[in-house]
Every structure is written in C-alpha cells, then in structure tokens.
Amino acid sequence: MDVTMNVNGDEVTRDVEPRLLLVHFLRDELRLTGTHWGCDTSNCGACTVWIDQQPVKSCTTLAVMAGGHDVRTVEDLDPGTGLDPVQEGFMLEHGLQCGFCTPGMMMTARWLLDKNPDPDEATIRECISGNICRCTGYENIVRAVRWAANHEADATANQPEGASA
Amino acid sequence: MQVPAPFEYERATSVDHALALLERHGPEARVIAGGHSLLPMMKLRLARPEMLIDINDLSDLDYIKIDSGEIAVGAMTRHVSILDSALLAEHYSIFREAEKVIADPIVRNRGTIGGSFCQADPSEDLSAVGAALRATMVIRSSSGTRTVAARDFHDGPYQTLVGPAEMLVEIRFPIRPGSGSAYEKVERRAGDWAIAAAGTFVRLDGDTVADCGIGLTAVGVEHFACGAAEDFLRGKQATADNIAAAGQICHDAADPQADQRGPVDYKRHLARELVTRALTRSAARARGEKV
Ligand SMILES: Cc1cc2nc3c(=O)[nH]c(=O)nc-3n(C[C@H](O)[C@H](O)[C@H](O)COP(=O)(O)OP(=O)(O)OC[C@H]3O[C@@H](n4cnc5c(N)ncnc54)[C@H](O)[C@@H]3O)c2cc1C
Ligand code: FES
Ligand code: FES
C-alpha cells in the first residue's frame, strides 16, 4: 500500500507492505542509514527517531503508522547549517566510542533540551534510560548533553539586545 | 531480523468505524494502539492477526477529565500524558509514581492506557493501579456501551472480557477526598517490567482506615488485587502493626512463578514489603504529610 510521510522536511511516498517497520523503511527505502537498528525488541533505543516532535522507537512502529506524520531522523540534526549543539557536545565531550547508540542518544537528547533547556544529571539519566550504550558508561554522554545545554544558554545570553529568541 | 507475518492494515477514523471494521473482519482482526506490546508479539509470531485496525487517529479517545464526580481517562491516552497530568496528580500520587517506572520515556510516548489494560500482561503496572483504585472499564460495541469493574476485567493472563467486536474506550477512577495513594516497584534495571510491584490507596477517618485498595502485579494474585488484606485493614487503626499484618496477608496470597526475574520466595517477600511501604506512604499522605 502507498504511504506518504514527511521525512526531514521532504514529502516521500513509497509502496510498502504494511508489515514493514519504520526503521527499515528509513534505512532500506530511503537509505537514511543514520538511524540504527539494534536489539529489535524495543529496548535499546538505537532506532530512536521523532514522530511529530516526539522520540519513538522506530523498530516498534510500522511505516504505515507514520503515514501523514512528520518524521525526523538524526540526518536532520545538521540540515546543512552546521552541527547541532548536541552533536558538538558529543564530539567535544567524547560522548561516543563505537557510535552505535549515538544517533538514538542524540535524538533523545535534542528532545530533552527542547523541553528542558537546563536539565540536571538525574534528569538526563532518566531521559536517556531507554537508550542503551555498551561503551561509554554514560558519563561522557551526560557531559555531552550538559555541554549542549550550557552552550545553548550562553548563546541565548550573548544574543544582541532586541534579537528574538 | 524479526518481521511480523503479513497482514492487512486500515486506519479507523472514528470509534464507530473501528467497531465496524472489527465486526466485518471477525476475530482475526485486532486494533493497534501504541503497538508496543502487539508489535513485539507479532515480530515473535506469538500473535498473527490478519488485519490491523490502527486507532491512533482517534484523538477523541485521548483525554483525562473530571466527569460525573470521577476521573475519566480515554483509552488512547499515552503513558506520558498520565505521567504529566496535573489533574491525576492532584487526586492520586499513585499515577505519577507508577508511570515513572513503566518502561522508559520513549516507550511512554507511544504506549497507551487502553493497550496496557487490554494486553493484560500479568506484570502490567497500570492493571495494579486500576485494581487498587477499583476503576471501572467502559467497553463499547456497535450495540452500545457496557461497564465492567477493573477487578473483573481480566480473564487470566493476556485475556480480558473485551470481545472480538468490542473496544475499551474509557477507564474511570472514583475520586476519594481525604485519601492518599502510592506505588512501589522493584525492577532489575531501569525500564524493566516489575519483579513485583504494589499500588495502594488509603482513606482515613481520624486515624481509622475508612477504605483502602491494594493492587499487586507480577506476583500471581487474582485480578491484580488482594481483597483479604483490604478487608483486614478496613475499620482498623492505620498503625505500623496493622499495615504490616496487611502486608503479610498479601505475602500469603501471592502465588508467583519463579523466572529470570527471581525465585518464588523473593517475590512473595517483595509482595509483603512493597504493600507495607505503599500502605504506609498512602496513610501518611491521607494525613496530609508530604512523603
Ligand atoms: C521496552 C518495553 C518496556 C516495557 N515496560 C513496561 C513496564 O515496565 N510496565 C508495564 O506495565 N508495561 C511495560 N511495557 C508495555 C507498555 O506499557 C505498552 O505500551 C503497553 O502494555 C501496551 O500499550 P500499547 O498502546 O502499546 O498497546 P498495543 O500494543 O497497541 O496493544 C496491546 C493489545 O491491546 C489491544 N488493544 C489496544 N487498545 C485497545 C482498545 N482501546 N480496545 C481494545 N483492545 C485494545 C491490542 O489489540 C493488543 O492486543 C513495556 C513495553 C516495552 C516495549
Ligand atoms: S532496535 Fe529499536 S529499540 Fe533496539
Ligand atoms: S558508543 Fe558504543 S554503544 Fe554507545
């Protein structure tokens, strides 16, 4: 059946089987391989993407269920205008080793900072509890998210007077 | 790669439309809400529906409101909305405490209260909340609406009284001024299903327990409730001894299975401990203490 959705700002239509999972639609049909596919059991969060501004596990969502909705993947964190502060934070604070969990981590982190620009460590850890990392021990991931939060706070504070947020 | 068996898919545009589709396609059709229980089962081929009816567009089933002196929650309300609801938190602490430990924030963005009750997993958390608060389940079919007590809703593991051409549309919770409630869960790691969990409410008249509710999950009590412990406590002083005795009754009533989450003794121990802790905090809250 035909499914149409908006992915990272572009409308896409494909003829798919209803049983196709969103993660495979993104990776195999659209070749957006930034979204990873790990446990297949809704536990690891490597497949995290946004549907209508909220992170979801795309291995546990049918592509057809995303029809008519806005999907955002890690590729859109830098839409050509430079890295998102979350990406910079992961880079500068060594928030990754193998990088497998990183796309999902960053999509969850971006969501958190949009809701709560100044999260404490406990809030960050709670928020990423559905994203599993086998490498870093999470310390540097928490630092990366804090880096992004501080960076964004500084950027807002340094905005020239009269500029809109 | 886990792939569900083939099926047909249609989106319902209204509850009536969903019910008509269920009637037309018979028992091999299933509704899909958040899909966070159904899709994993389909991937493992433990479920093989021939037709999926997507009810995610039914935003008219996504609400938390006061209605006729009760709190009414629509079946499509997501876990995250229950967690964040100021209305629920104002009347019952149990919701926020339970939701905080159900799965993880990303799963909570999708999973629904209706799907949780209808999945009827014996370790499901909201079922224990529903049992503790003696909720009422509102079930609809093309011929009308019927209600079932939460404590009658489950017909064994993974079984409910919702018929093949019916849908759960609403869950109703009585409001109990002067009561306090709490949820206690022990899990192996963040986001996991309960090894055991207990949810309770206590309503006090002075320091006498005027009414109480005790829900338990993952420990094999029927209908997620322990009526014997409630009967024991009602009319008694809310003392530590009486509360501990109620916990002991739950320990004795529990009939859990040993599995990778723990042995029988441990789970029964948890049943006693968690009920005792939840009742203690419920009573303290009923007295107006901040705990
Ligand atoms: C990684 C992970 C961890 C989890 N941890 C926990 C946990 O700790 N505690 C816990 O309680 N749960 C947990 N869950 C389950 C989670 O809460 C599910 O979201 C929930 O059980 C099912 O809700 P759903 O909306 O996804 O239902 P679905 O999967 O869409 O549906 C489940 C079943 O209910 C039926 N159904 C759904 N809605 C209706 C309706 N309105 N009327 C009639 N039938 C309906 C479907 O046909 C299906 O049979 C976890 C899930 C995952 C993936
Ligand atoms: S692949 Fe989706 S949660 Fe692991
Ligand atoms: S960096 Fe390897 S899993 Fe997280």
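Two strands count as paired if DSSP finds at least two bridges between them. Keep that in mind for the first view of this predicted model.

**View 1. Strands β9 and β10 of chain B, side by side.** Nine bridges join β9(B) to β10 (residues 194–205) of chain B, and the two run antiparallel.

**View 2. The open three-stranded sheet of chain B.** The strand order is β9-β10-β11 (chain B), with antiparallel pairing. β9 (179–187) and β11 (208–217) of chain B each have a single partner strand, so one side of each goes without a neighbour in the sheet. From one strand to the next, the twist averages 10°.

**View 3. Two helices lying across the chain B sheet.** Helix α5 (residues 93–100) of chain B lies across β9 and β10 of chain B, at about 10° to β9(B). Helix α8 (residues 125–132) of chain B lies across β9, β10 and β11 of chain B, and it runs at about 155° to β11(B).

View 4. His36(A), Trp50(A) and Val74(A) supply 39% of what domain 1 of chain A buries here, more than any other three residues.

**View 5. Polar pairs at the chain A domain interface.** Zero salt bridges turn up between domain 1 and domain 2 of chain A, but six residue pairs are in polar contact.

Definitions and conventions:
Residues are numbered from 1 along each chain as its sequence is written. Chains are lettered from A and ligands numbered from 1 in the order in which they are written. This is a predicted model: local features need pLDDT of at least 70, side-chain atom pairs count only at pLDDT 80 or more; totals for chains, interfaces and linings use all residues. Side-chain values use heavy atoms; hydrogens and water are left out. Helices (H or I, at least four residues) and strands (E, at least two) are DSSP runs, numbered from the N terminus. Axes are lines fitted to C-alpha atoms, for helices over the stretch in contact, and angles run from 0 to 180 degrees between N-to-C directions. Contact means heavy atoms within 4.5 Å. Buried area is the accessible area (1.4 Å probe) that two parts lose on being put together, summed over both. A salt bridge is a side-chain nitrogen of Lys or Arg within 4 Å of a carboxyl oxygen of Asp or Glu. A polar contact is a pair of N or O atoms within 3.5 Å; within protein, one must be able to donate a hydrogen and the other to accept it, and residues adjacent in sequence count only if both atoms are side-chain atoms.
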